[in-house]
Amino acid sequence: MTSTRHFLALAFAGALAGCASYEPVPLEDIELARVHKPLGGETLAEKHREMQRTRDDIVRHLRTLDSMVRRDDDDGIVVFKSFFYGYMDDHVEKLLAKDWTSHHPELAGLDASIRFNAIEVLAKLDSPHRAEALIDDVKLRYRGRGNLMVDYPAGRRVNLTKALELVEEEYWRDDDPNERLNADMPEE
Amino acid sequence: MLLGRVRIAVVGAALAALSFAQIASAEGNAWDGYLDYAYVYSSADSAALKARIEQYGKEAGVPLDRYITEQFESVAASDEQGPDDELRIRRQAIGYLLLYLANADADQLEKSVDAIDELSEQLGRSENHYWYHYIHAHEALELGREHDFVGYVLDLWQKVVVPLEEPYQTMQALSLHDSPAAGFAASLPYLYENVARLILLRSQELGIDSGLDPLGSVIRMLADGRVGGHPDVIPASASSKEYLSRILDRLDGAESDAGSLTFTLALFEAAKHHDTARGKLASEGLGDATVKALQVASASYQVALDRADTVQGEAAVHTRTLRLLGEIYAAKQRLGVDPEINTTFTIEDAIDVYNRMAEAGSEGWGELGYTQKPEYVLAMRTLWEEIQESSLNIADYYLAKSQELPHKADEHARNAARLYTRYLQLFLYYATNEGKEGVPDSAYFAAHEAARGVGDSYLVYAKRPTIEEVDLAIRQYRAALKIFPFDRQIWPGITAALQRQGRESEYLSLVRPAAEGAVRSRALARWIGSNEPESTRLKTLVGAFSDSLVLVYLGYAEGKGIDELEAGLAKLKVQRDEVKSRLMGLQSQLAGGSQTAPPASMGDDGEVVGKVGSGEKLDAAQLAQLNREIMETSALLERLDTQIEARRRTLPLYKSTLETDGLSGDLRTRRDHPIHALLRRMYHEHADVDVTEAAYEE
């Protein structure tokens, strides 16, 4: 648990640093993403289904991981960690790689929810670098959109600002949350 | 039944494969098509698969093993593989796998692994990837390497299933998902089925009972509309959907071990063995095959217990093993046979688990493995019910044995009393305001049964109870009466016990508190006032309890018929009329004597004799005698009137209580009977219930 806290503290520190030195996504990539941005119809519906399925699956992974953590099943956690890394590499990160899903009004909430749920799994897997990257990404992508509603923790609807606060409370409770939170929160 | 349906599904799916195969093999041997579409039927159970392969062999004109030899084994692999080689190698690997699955021939699996390994550098193609991991997963199972098995299945999911999901959905949206041109994406519903069966059925057939927990994710994903979610391809009712959802219910429910799939599958397997044993018990009695099946079930439960990491898991196992134990003793009693059946589970072990659950309490229940408090409470109550039922069943068995073997009556009666007493000790410890949350409603009636059982053990079944045992029996009867005063059979039991000790005079003082408790009970009054279930019956009994004479009837009149009691009342009335008539004569004599002549004396038949009406005067002695007789007759008449009035009032009440018979039987057979909740309220309403004192002053 202590190691989890430490790495997450690092992650948040990294996020803070990331804010200061953030290099925006190259303009051409954003434009390309917008060109391919589906505004509706079956394509959007498909994307919505895929993201929803991914979010639900991550929640199931989380539940499985929680179960193994409760039983101190270290061997199982090692196997699961390898699987989840692969799942993130091959599927989740590709799914969320484009900029438009985090800006589309019908998908942004899902997009953010997937990221938060993945952060939770990674935090419990004691995976500092991946969690750090995701936290950085959330803060940058959703800058100024703290009121966006997300599912975090699973089954509960809160706004993005609150979700970040909850992540902090859950995994950084020994640090000074107010000071860091004020510094890290996306601008409204 | 469920497995049977899964088998049907596979046969149905195989028929679908046939049409695919015919298309695929239009220009070659039919086996090419059957092997290319083997994902449709490969996870059938071995008997069905064997039959299917034989049928395909007939249709293709060559059996599979010969086809493999002729087509693949004779072909020397070239240095560089071309597209045809890839297809040939894959078919070869699949062919060996099918032979392995159909005939349990491990050599074939080895050949299959060797073949598919040739494609290890060509896994970019989903089909290759699928068979590579699927075959290796089987190899891992065969070798008992659970971690390898888990790794292959997770890889299969991540590398094959997940990438196919979106294309399949797209094709489904365009109604192209069942087209042969859709490629391997069309296989997705079958892949779901195959993965489900690999984890749920095959792993258990090969005895994998550890390390499966990371696959919990896959099971949860499969259960969420993936298996059974494509009824146009595999009918939902014929897929493993129901089986899967039952596993998931266990995995995430109160009977889990903090979500462990390994444990859930082990417990599920044990429950299947338990069902088999039950079936044999019903059809064959307690014969050798049944005893063996019961021992297999017990051993399977032991495996599940060994896999339990949490108290939650232990509780789930003990709940089921106690049911098994209770069934064994009930069968022994019912069938009158007593074979030796070795089980490693005891009621004491279950009580130990219950104690640990109770100790955790509101603060620590989460550490036991439960994720929700209601599940924790439900698990405690369920375990309790099994403890109570097995205690009562086994005690019943010993009572039956005491009758069957008179020379051992005392020994068996005391065994029964010990079991009842142990349950009562548990009850008294936890049926308090602090501990009652984990105590089910039915526990209160069970406590009544146990207390009464102690009484019966010593007073009905034991041949030579000690004075202390008789005394304890009486106190236990009284305790039983306090918990459940509506059992008519217990009243005469108390009188019989008192008679045995020559203490009949204590009857009313012993039973009245229980009767008054019922009469004064606010919970009972509210129950009757609200016209809750059994109100009429209870109202009758409460009315009867308020009359001490009815209590006497309840204790002493049980052996007599109501006709006999009514005849006694009629006789009393005749006697009263005679006495009244005699009194009137005496009074008339006195009046005549003072004015004319007093009666001299009365004959044996009460007829006035003397000189009544003769005008003779009575002397002082005669007058005093007449007055004394009048006084005595008046007193007798008054006594008779009182008796008649009492009987006239109480007999209908007592008669009405006879009609309340059967409530005990109803409660005994129905744990969910609403009266159980009433008994709970009544028990806790009287904090001063001296069941403890009554039951355990030893």
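Predicted model: local features only at pLDDT ≥ 70, side-chain atom pairs only at ≥ 80, totals over all residues.
Residues count from 1 along each chain as its sequence is written, with chains lettered from A and ligands numbered from 1 in the order in which they are written. Local features need pLDDT of at least 70 and side-chain atom pairs count only at pLDDT 80 or more, while totals for chains, interfaces and linings use all residues.

**Exercise 1.** Find how many residues of chain B are in contact with chain A, and which element gives the largest share.

Start with the count: 24 residues of chain B are in contact with 24 residues of chain A (contact: C-beta atoms, placed from the backbone, within 7 Å). Next, H8(B) supplies the largest share of chain B's side, 10 residues (helices are DSSP runs of H or I, at least four residues, numbered from the N terminus).

**Exercise 2.** Work out how helices H19 and H21 of chain B are oriented to each other.

Take the geometry first: H19 (residues 467-483) and H21 (residues 507-520) of chain B pack at about 10°, with axes 8 Å apart. Axes are lines fitted to C-alpha atoms over the stretch in contact, and angles run from 0 to 180 degrees between N-to-C directions. Angles under 35 degrees count as roughly parallel, so H19(B) and H21(B) are roughly parallel.

Key
Contact = placed C-beta atoms within 7 Å. Helix = DSSP H or I, 4+ residues; strand = E, 2+ residues; numbered from the N terminus. Parallel < 35°, antiparallel > 145°, perpendicular 65-115°, else oblique.
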